[in-house]
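Please read them with the model open.

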Amino acid sequence: MGLEVRIKTKLDGFLLDVDWSMDDELVVLFGYSGSGKSMTLKTIAGVMRQDEGYIKFNEKVLFDRNARINLAPQHRSVGYVFQDLALFPHMTVEQNILYGAKGISKKVAGKDAAEMVELFRLSDHEKKHPHEISGGQRQRVAFARALMSRPDILLLDEPFSSLDNPIRLEMRRCLTNVLKKRFQIPAIMVTHDVLEAYMLADKILIYANGKVIQSGLPREVFDNPATQEVYELVKNRALYPEYLFAR
Amino acid sequence: MHMNPFLGRACIIILLNISLLVLPAPGLAQKSGQEGKEVMVFAAMSMRKPLSELAGMFEKDNPSVTIRFNFAGSGILSQQIISGATADIYVSSSGRDMALVEEKGLIEKSSKHVFARNSMVLVAPRASRVKIKGFKDLGSREVRRIAIGNPKTVSAGLYAEDIFSHYGIKEKIREKLIYGEHTPQICDYVVRGEVDAGVVFFSDYLSRKGNLVFVEKAPPGSNRPVEYPAALIIGRDNTAATVFMGFLRSTDADRVLKENGFMTDRQE
Amino acid sequence: MDSAFFPMMLSLKVSLIATFFVIIIGCTCAYVLSQKSFKGKEIIDVLLTMPLVLPPTVTGYILVVLFGSRGMIGRHLYDLTGYSIMFTWHAAVLCSFVVSLPFMVKTGRAAFESVDRNLVLASHTMGHSELATFFRIIVPLSSKGILAGAILSFARAMGEFGATLMLAGNIPGRTDTMPLAIYAHAATGEWDKAWNMVLLFTFISALFIYCAIRLTGKQKWAWK
């Protein structure tokens, strides 16, 4: 079962046509800009319209064209981390995190928020505003906020793209820790950083022109690119020393 | 020694502009009155129809003359004249407003005369829910809105209040009064059914007869005389204006005035 | 100055009430225009902007046709309740509302559009309704723009003349707002009586414009 994604949408001359599924793992959507990766995320979240297909998570139907089901984003139980993080500038760290706790009683939410602050090492920063903390800290706030409501699915749209390299490494570790240890939920991440894709993915989906042209374990895809296009995308992995020592 | 070319050009431009100012500008030097070609008439709005017609007739017989009008409530007009507005003739719809101008010494006393009279009538909208049979009914509860001229600026309002006093209902109906800027507007309010009744000149009623219901004519003596004094404004030296004033007392003018519902002193 | 008191109070009353409705309806329209896309959106935008550009007498004419005692809407109201808006201070509120609404819609829309769309979407994905998102995210981040819009609307409402004259008439003690009263005094040569109101009006308007200008400077949430 898990998450089944079948999307067909036409937008301004671009056709997104994908059909894939996943379980409780971290899937990376990898490809050039404009290949439909972010569009996929937005469609799953329900903030972008979908022409045809269905999106199902276990027993829950988020969208089904034939059955005329289209849940509003409010009801899809997805945690979304935006590319620019989308932290509310007029709220403190604490308030931002609490804002993610819709539908949870105040008392429980307070406890959960405290846990999040602890988990993401944000203590002593709760009362600060987003512009007063560092890039890495903001990233962690975005994660904490997205996970507060215990979503069914976690969506990450190039979450580390605005960070410097050393922080990026730290964040990757943080993410995998949190996912493996605390929240075993399906997570979908969009990135165009080849090393990141390789390091983090349990499964990788190569996107090109609105279609998935190859999928599988990172090692499989990287060592055996199916087409010239895929090869072009993954060839730079050799430049990264980590690749040679990884896994 | 070379002159800075920019400076040279600037001098030429300045000289040109000065010469333009000094030269007489063509077409602007008409002093109206001196040549007597234009006559500016400030007239009460209720006179609009007959005066426009008379002006047309006069211009036909005197092609070199143009009659221009400023129509408004005569109270407004008197204030404009007192404030220095340029007028050759003032036609008022009440003695009161003419007196205001006369007090300031602004009219040629010898030229002043009453060349028309009128009477006040009560009118109502067609298909009105409220049934009114006369001025007396205005005090009843069913009558919610009555349109009259603003007594300060519109003579018709002055006369209307006279009538209300005569019937002893002035205080009773005070809350119901809606003021119009001039009698054609009052007629409009009545025709549109915005008010239950209106007090206008008989001449106004005639002009919109098809759309108004005639209720009652004000009984004689219920209001001060409704008269239209006309006078020349002092110091204008406009011969055409003097001739036009004379024309207003002619038999032709009489006919036009009577056709429009006014009365004149001329015996037939 | 006795004769100025009633018009001043009436103008304030009319403008405050009109602005109240302008804020509610204006913000709603601004929200829809800024967040949604639908067929005929630009037509709605044009309609809402018209009173800004039309001469007030044209606006007044249209309102009379609609709300006069025998008007398209007015006559039904009159038949049902015997109530007519003509020559009442309610008409002054209606006129002020119509001419100031475009200010609120335009300023409000610009303010709402300046809020990062991702913030709105983030709020939705976290389960918050559009209404909650509006009040907790959009409004706080566009508050300066909304306030500027409200101030401009109020100033415009205070200055409404042409349409008001046609619908409410100029009835002393009942519908003579400040602009109408000034006109009446000036027209009858009572310039001194109008002077106090002119002074007050100019001063208040200048003050409002100044506040609106200060508020529409860049809203700063410089965390990037």
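**Notes on helix packing and cores**

1. In chain C, helix α9 (residues 178–187) packs against helix α10 (residues 191–215) at an angle of about 150°, with the axes 8 Å apart. Helices are DSSP runs of H or I, at least four residues, numbered from the N terminus. Axes are lines fitted to C-alpha atoms over the stretch in contact, and angles run from 0 to 180 degrees between N-to-C directions. α9(C) and α10(C) are therefore roughly antiparallel (over 145 degrees).

2. The α9(C) side of this contact includes M178(C) and I182(C), and the α10(C) side includes W191(C) and F201(C). Contact means C-beta atoms, placed from the backbone, within 7 Å.

3. The model is predicted: local features need pLDDT of at least 70, and side-chain atom pairs 80 or more, while totals for chains, interfaces and linings use all residues. Residues are numbered from 1 along each chain as its sequence is written, with chains lettered from A and ligands numbered from 1 in the order written.

4. Which residues touch the most other members of the largest nonpolar core? They are V28(A), L155(A), V123(B) and L167(C), out of 164 residues. Helix α5 (residues 89–113) of chain C gives the most to this core, with 14 residues. A nonpolar core is a set of buried Ala, Val, Leu, Ile, Met, Phe, Trp, Tyr and Cys residues joined through C-beta atoms within 7 Å; buried means 20 or more other C-beta atoms within 10 Å of the residue's own.

5. Beyond its neighbours within four places in sequence, L155(A) contacts residues including L41(A), V78(A) and I188(A).

6. The contact between chains A and C takes 20 residues from chain A and 17 residues from chain C.

Definitions and conventions: Helices (H or I, at least four residues) and strands (E, at least two) are DSSP runs, numbered from the N terminus. Angles under 35 degrees count as roughly parallel, over 145 as roughly antiparallel, 65 to 115 as roughly perpendicular and the rest as oblique. Two residues are in contact if their C-beta atoms, placed from the backbone, lie within 7 Å. A residue is buried if 20 or more other C-beta atoms lie within 10 Å of its own, exposed if 12 or fewer, and partly exposed in between; C-beta atoms are placed from the backbone. Ala, Val, Leu, Ile, Met, Phe, Trp, Tyr, Cys and Pro count as nonpolar, Asp, Glu, Lys and Arg as charged, and the others, Gly among them, as polar.
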